[in-house]
There are 2 protein chains.
Amino acid sequence: MRLGELSRRSGVSTATIKYYLREGLLPAGRQVNTTTAEYDEEHLRRLRLVRAMIQVGRVPVATVREVLKHVDDESLGRTIRMGAALWALPQVSEPDEEDEYVRAAHQEVGELLRTLGWANAQALVTLSPAYRSLVVAVAALRRLGYDWESERLVAYAQLMHRAAVLDLDFVETHPSEAEKVETAVLGAILAEPLLQALHRLAQEEESARRYGFE
Amino acid sequence: MRLGELSRRSGVSTATIKYYLREGLLPAGRQVNTTTAEYDEEHLRRLRLVRAMIQVGRVPVATVREVLKHVDDESLGRTIRMGAALWALPQVSEPDEEDEYVRAAHQEVGELLRTLGWANAQALVTLSPAYRSLVVAVAALRRLGYDWESERLVAYAQLMHRAAVLDLDFVETHPSEAEKVETAVLGAILAEPLLQALHRLAQEEESARRYGFE
DNA sequence: TTCCTTGGTAAGTGCCACTATCCAAGCACC
DNA sequence: GGTGCTTGGATAGTGGCACTTACCAAGGAA
């Protein structure tokens, strides 16, 4: 398969495919001669994956490159590869540690993890980007004066933990190691828009149940 | 309070505040004379809200304007205002109805709603942006060859419904109508980064529990 | 008086995800 | 073997976005 066909079958313009090749999101094809390169099904699959990450997952191009670099790094074990790939993701602005709300949020999230008994997460606290994102989100809500009880946060966390269990159960069903890493990373990236859409739809449903359409 | 103080108390530069005023995200202050305008606590609150939407919620400036327009529209009832504000949000690219995966996703999501008994959501199907986002997400996953069983999707949906119940219970605790709308919208916007962060943290925790750090 | 700050406006910046244009080298078909 | 299309490769340009800079004349504050 050559560039034109790859473009046709993926629905991505040749110009964009060239751009992805240049940016290293897609490995080069097998060079036949100066003006011809041959692509295979794996290229098509990778291209679809890249597109899904960018368009559905809203992951920036530079981040996709980082994530794939880890996914492809066969010198590492699965868990490490998965972790590295997921940690390459978030790009949330660093919390301002001077800010009083941020400090309070650190406290609050720390307590949350103790309440939940997430010992592993506690150990990783200083490292994980997810932890930082959580602190930023909590601080923003508190800054706006939303003071729900801490039980509410615990309840949300338990719901998301059950979602994570579902995620990982699904990964288990995949046989090969390579596929497991890819599935886990993609699943994590694409599960988010899915969960977000379900959340909004659920809000609409529940709102209509309670208040009707008026 | 004048521009400088508003800037100091919010941590937002005067240039950016001027930009927000120009873009209509912030109402003008009370003009004292040609070179002085007076801002109040409500301006500060609105400014923090705008910042949270943009920085934590990653909502584009133009969208924030739309959302606030609906929030402020007192000619409408609460439910309508809330719905309108939330529907102004998503900006997901339109699904390509020609695409076979998109058509299959429509089918699948329709079945999901029937299984869940979300009658209200079914009625709104053709309208809701959340529904469209869901279709796009499901189609993307299927296109990549991820074929989980439909029960998995149902399970995710039930989790998110429970999150939505928590959301709306919280809104109930707020007394005033105006606050309810604002709370609901902000809660919906800011709950998403929160849930996302909790989801990622929960994945790390669960992954570490199952596989350790190796 | 001298200096700073104010609101208002216009123009510029940096980043990002493409997109357009150009090129010389093949290949395909008549 | 001529004609026209496609290829990989490279460079430059585009449009959108969220600010940021620079400048202005008018108004306090010392």
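A:Arg58 is found in the loop between α3 (41–56) and α4 of chain A. Helices are DSSP runs of H or I with at least four residues, strands are runs of E with at least two, and both are numbered from the N terminus. A:Arg58 has a positive phi of about 55 degrees although it is not a glycine. Most residues other than glycine have a negative phi. A:Arg58 counts as partly exposed because it has 13 C-beta neighbours inside 10 Å. A residue is called buried if 20 or more other C-beta atoms lie within 10 Å of its own, exposed if 12 or fewer do, and partly exposed in between, with C-beta atoms placed from the backbone. In chain B, B:Arg58 is found in the loop between α3 and α4, and B:Arg58 likewise has a positive phi of about 55 degrees without being a glycine.

This is a predicted model, in which local features need pLDDT of at least 70, side-chain atom pairs count only at pLDDT 80 or more, and totals for chains, interfaces and linings use all residues. Residues are numbered from 1 along each chain as its sequence is written, while chains are lettered from A and ligands numbered from 1 in the order in which they are written.

**Chain architecture**

Chain A has ten helices and two strands. From the N terminus on, its elements run α-α-β-β-α-α-α-α-α-α-α-α. The C-alpha trace of chain A spans about 65 × 50 × 35 Å along its principal axes, and 41% of the 214 residues of chain A count as buried.

In chain B, strand β1 (residues 30–33) and strand β2 (residues 36–38) pair in the antiparallel sense over three bridges; strands pair if DSSP finds at least two bridges between them. β1(B) and β2(B) form a hairpin with two residues between them. The bridge partner of B:Arg30 in β2(B) is B:Glu38.

**Buried and exposed positions**

B:Gln196 lies in helix α10 (residues 177–211) of chain B. B:Gln196 counts as buried because it has 23 C-beta neighbours inside 10 Å. By contrast, B:Arg8, in helix α1 of chain B, is exposed, with 11 other C-beta atoms within 10 Å.

The largest nonpolar core has 126 residues, of which A:Val185 and B:Val185 touch the most other members. Such a core is a set of buried Ala, Val, Leu, Ile, Met, Phe, Trp, Tyr and Cys residues joined through C-beta atoms within 7 Å. Leaving aside neighbours within four places in sequence, B:Val185 is in contact with B:Val67, B:Val71, B:Met82, B:Ala85 and B:Leu86. Two residues are in contact if their C-beta atoms, placed from the backbone, lie within 7 Å.

**The two protein chains together**

Chain B can be laid on chain A with an RMSD of 0.1 Å by a turn of 180 degrees and a shift of 0.0 Å along the axis. That is the relation of a two-fold axis. In chain B, the C-alpha nearest the axis belongs to B:Leu159, 3.0 Å from it. Copies are superposed by least squares on the C-alpha atoms of residues with pLDDT of at least 70 in both.

Across the interface, 67 residues of chain B are in contact with 67 residues of chain A. On the chain B side, α10(B) provides the largest share, 23 residues. That side divides into 42 nonpolar, twelve polar and 13 charged residues.

**The DNA strands**

In the classes used here, Ala, Val, Leu, Ile, Met, Phe, Trp, Tyr, Cys and Pro are nonpolar, Asp, Glu, Lys and Arg are charged, and the others, Gly among them, are polar.

Near DNA strand D, α2(B) gives the most to the surface, with three residues. For DNA strand C, α2 and α4 (61–72) of chain A, together with α1 (3–10), α2 and β2 of chain B, each supply at least two residues.
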